[in-house]
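Here is a walk through one part of a structure. Keep the sequence at hand as you read.

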Amino acid sequence: MSTQEKILDAAEALFAEYGFVGTSLRAITQSAEVNLASVNYHFGSKEALVKAVLQRRSEPLNQSRIARLEAVIAEGNPSLEALLTAFVSPALEMTDSEDGARYIKLLARITIEPMGELRDSLNAQYEAVMTRFMPPLREHLPELSQEALLWRIHFVLGTLGYCMAGKDAVLLESQGALFEQTSAAQMIQRLVRFLCAGLRSPELDVSL
């Protein structure tokens, strides 16, 4: 394993466990068994390091989403179910691996810590992906106003994030056991069916 990979692995684990503020460069270098000069050489700063940690996972994730989207479009007339499966599958499949689980935990940290610059970076990546998904989604939901569609996409992302959090987000022990017995493929099927029902539901008059 390269020095850069050692640093990224150590930083990812520590940032996920203790957060950005609670993790020092010294702790990262000790865990990675490298010197501080190596961190400065490869990344330059703590802020640049955490961005690199995120990009290592998020870029392949979003590339997979776009590749799957292009594949279902190439087959012709993709269903709403196929579009959503292309979007949620790469993310939920990450939960089956230890590396993916650490990344998910880190994402949760970003939502609760004062890391606005990192959230902006992630939001920009999401926006780039959604720019590709929105036109075919719009074709399936022409009756929705733009405002309603954006709200529903917001709810899609929130629901997906909760599912990615896995059993750590489940409150009841019995539900946690049920979750652990469910494969990523089964969860994808359940989630896509749920999301499609929400997206297809009639638009409400929220002014009432």
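This is a predicted model: local features need pLDDT of at least 70, side-chain atom pairs count only at pLDDT 80 or more; totals for chains, interfaces and linings use all residues.

Residues are numbered from 1 along each chain as its sequence is written, and side-chain values use heavy atoms, without hydrogens and water. Helices are DSSP runs (H or I, at least four residues), numbered from the N terminus.

Helix 4 has 30 residues. From first C-alpha to last, helix 4 reaches 44 Å, close to the 44 Å expected at 1.5 Å a residue (1.5 Å times one less than the number of residues). Gly-76 follows helix 4, with a positive phi near 95 degrees.

Now turn to the partner. The axes of helix 4 (residues 46-75) and helix 5 (residues 80-93) come within 9 Å and cross at roughly 155 degrees (axes are lines fitted to C-alpha atoms over the stretch in contact, with angles from 0 to 180 degrees between N-to-C directions). That makes the two helices roughly antiparallel (angles over 145 degrees). Among the residues of helix 4 that meet helix 5 are Leu-61, Leu-69 and Val-72 (contact means heavy atoms within 4.5 Å). Helix 5 contributes residues including Leu-83, Phe-87 and Pro-90.

Helix 5 also meets helix 10 (residues 184-200): their axes come within 9 Å and cross at roughly 135 degrees. Leu-84 and Val-88 of helix 5 are among the contact residues, as are Ile-188 and Leu-191 of helix 10.

Note on methods:
Angles under 35 degrees count as roughly parallel, over 145 as roughly antiparallel, 65 to 115 as roughly perpendicular and the rest as oblique.
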